[in-house]
Amino acid sequence: MMPIRQTWPEELARLYREKGYWRGETFPRMLRERAAAFPDRIAVVGGEERWSYGELHLRAETAAAGFLKLGLKPGERVIVQIGNRPEFLSVVFGLFYAGLIPVYALPAHRRTEIAHFARKAEAAGYVVADKGDGFDYRVLAREVNAEVPELRHVVVVGEAEEFARFEDFAPDPSLLPGNPSPSDVAFLQISGGSTGLSKLIPRTHDDYIYSFRASAEICGLDADSVYMTALPVAHNFPMSSPGVFGALHAGSCIVMCPSPNAQTAFALIEKEKVTITGLVPPLALLWMQAAPKTKHDLSSLKVLQVGGAKFMPEAARRVRPTLGCTLQQVFGMAEGLVNYTHLDDPEDIIVETQGRPISPDDEVLIVDDEGKPVAEGESGNLLTRGPYTIRTYHNELAANERSFTQDGFYRTGDVVRRTREGYLVVQGRATDHINRAGEKVSAEEIEDHLLAHPQVFDAAVVSIPDPFLGERSCAFIIPQGEVPKAAAIKAWMRTRNVAEFKVPDQIRFVERFETTAVGKISRKELRAQLRQAFLDAE
Ligand code: J2J
């Protein structure tokens, strides 16, 4: 089994400790300390469940013993695919307590993605909830198991059928290992996958806990806060910015909202007196549309965070008048760097920028295509390094070469400019992916699937501006032989067992790709040309 590491140069690690960013906290210690300090305070609410900090801790201990009794060994990797319910936390903290390494999959992922994570992480276990959103995850688990037999243990929350049942786990404190080291990798997060398949992002206890502890402070979380997750909790944003982990760190209450739909969410905001939640821009638009007509009392909501994709200033300006709360823009990435507008910033900064970095030691470089810093205020490629930004992906030699500079800066792929006040404004991006309502879809990954179709000679997938989604995907296809139906291509994508958000929104058949340039052009230029031609024709 390949070890998983994430390290920073020694002198920087020392600096990050000296400055108090890395405090030697670990996930197991964090929950144990809180459960001891305020056992009866409510930690998480969802469905019929309402667990105190003490209860979450006991459930996590039981889970940990169960995982180890099954035969999983500390250090092994376990894929977790559970939607917004309290068991997400008992499973994940159970894994932390057992010294196991969670790999966070999204509920939308299907066989292709899960099998890929299983192989890359060399995972030994897979935990799912029986059903979610009408989909049966046990069927998926069977398929993945058949494809990757090394995934020895499947655990199901709910009706387990032939698999191990999570609810049957029994406590056994004698099985639990000691505390991990704060510099150990705690889990693997999933990258947006800007080129090809999603990559695995190793985050350490020290670095990640710093990012959400500081986030919780910036977002004003305390014991009286009620943080609701409406986006899928496995996403880095609702997990850590400040997310469910930031909420636990601050001793707040978490509300697991099963769907981001305005009616469901508004009812929960009223019932649980939610004070803060986070959305992607399209959902924020829907909530603003629904708010004036709702019968629910939303007055407890103090902060609406919006991030994951660019929130347009015209829409951003409407948040306060429509929802009666402060907008907070969040520009972050699972690889590290997170920027926030601050709650007391002037309205123009809140509306027009994507915030500033969490840490005084987040290094931000804005460079041209040759790597030279641009003039102050000009836009360029955003490079960053700092106390919670990774230096490497797991098990990705080629991607690591591309994604990090020699001196350890992460190439975000985003094009930004910095205002005089030090706030970043996202202007666009340099990499070829589609940011579809905050879900990142790699053009290359979709093209690979399309090229496997017998009637597809060539394919190029591009992002098209969309008034609601922000961007949608359009696949340009040069057919081979008889021209297939667009619906047949979409149906084909579904047989590839990928997340539904990767199915192209639009299909265009073309005879050839126009290339005005002499000789070969790059895929990137080709995609840019097709996109422009599409827009010109609109
Ligand atoms: C424009 N683009 C944005 C924003 C992310 C907090 C919030 C979001 C994420 C996230 C996250 C954007 N405006 N406000 O992990 O902790 C685009 C950028 C970025 C990419 C990262 C968090 N907020 N983006 O979205 O790993 O292109 O993380 O590089 O999914 O989303 O995507 P992801």
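Me: How far is a polar side-chain atom of aspartate 414 from an oxygen atom of the ligand?
Reply: Bearing in mind that this is a predicted model, a polar side-chain atom of aspartate 414 lies 2.5 Å from an oxygen atom of the ligand.

Me: And which residues come nearest to the ligand?
Reply: The shell around the ligand has 18 residues, and those that come nearest are Ser241, Val330, Ala334, Asp414 and Lys440.

Me: What does the backbone of valine 330 do there?
Reply: A backbone N or O atom of valine 330 is 2.8 Å from a nitrogen atom of the ligand, while a polar backbone atom of glycine 332 lies 3.5 Å from an oxygen atom of the ligand.

Me: How much of the ligand does the protein bury?
Reply: The protein buries 93% of the 610 Å² that the ligand exposes when taken alone.

Me: Which elements give two or more residues to that shell?
Reply: Those elements are helix H8 (236–240) and strand S16 (326–333), and the largest share, four residues, comes from S16.

Me: How do the shell residues divide into nonpolar, polar and charged?
Reply: Eight are nonpolar, seven are polar and three are charged.

Me: Changing topic, which residues have a positive phi although they are not glycine?
Reply: Aspartate 133 is one of them, with a phi of about 50 degrees, and asparagine 497 is another, with a phi of about 60 degrees. Most residues other than glycine have a negative phi.

Me: Where are they found, and are they buried or exposed?
Reply: Aspartate 133 is in the loop between strand S6 (131–132) and strand S7 (135–136), and at 83% relative accessibility aspartate 133 counts as exposed. Asparagine 497 is in the loop between helix H17 (486–495) and strand S27 (506–509), and at 19% relative accessibility asparagine 497 counts as buried, since the cut-off for buried is under 20%.

Me: Now salt bridges. How many are there?
Reply: The count comes to 37 salt bridges. One of them pairs glutamate 76 with arginine 152, whose closest N and O atoms are 3.1 Å apart.

Me: What about arginine 77, which residue does it meet in a salt bridge?
Reply: The side chain of arginine 77 meets that of glutamate 122 in a salt bridge, with 3.4 Å from N to O. Arginine 77 lies in strand S3 and glutamate 122 in the loop between helix H5 (111–121) and strand S5 (125–129), so this pair ties together parts that are 45 residues apart in sequence. Arginine 77 counts as buried at 2% relative accessibility, and glutamate 122 as partly exposed at 34%.

Me: And which residue forms a salt bridge with glutamate 447?
Reply: Arginine 523 does, the closest N and O atoms being 3.4 Å apart. Glutamate 447 counts as buried at 4% relative accessibility, whereas arginine 523 counts as partly exposed at 33%.

Me: Which residues do salt bridges that share partners join into one network?
Reply: That network consists of Asp136, Arg138, Arg142, Glu161 and Glu162.

Me: Last topic, the sheet with S16 in it. What is the order of its strands?
Reply: Nine strands form an open sheet with mixed pairing, in the order S2-S1-S13-S12-S14-S15-S16-S17-S18. Strand S2 (49–52) and strand S18 (356–357) are the edge strands, each pairing on one side only.

Me: How do S12 and S14 run, parallel or antiparallel?
Reply: Strand S12 (residues 226–229) and strand S14 (residues 276–279) run parallel and are joined by three bridges, with threonine 229 standing opposite glycine 278 in S14.

Technical notes:
Residues numbered from 1 in each chain as written. Predicted model: local features only at pLDDT ≥ 70, side-chain atom pairs only at ≥ 80, totals over all residues. Heavy atoms only, no water. Salt bridge = Lys/Arg side-chain N within 4 Å of Asp/Glu carboxyl O. Buried < 20%, exposed > 50% of the residue type's maximum accessible area, 1.4 Å probe, protein only. Near = heavy atom within 4 Å. Polar contact = N/O pair within 3.5 Å; in protein donor to acceptor, adjacent residues only side chain to side chain. Areas by Shrake-Rupley, 256 points an atom, 1.4 Å probe, with all protein chains shown as cover. Nonpolar A, V, L, I, M, F, W, Y, C, P; charged D, E, K, R; others polar. Pairing = 2+ DSSP bridges.
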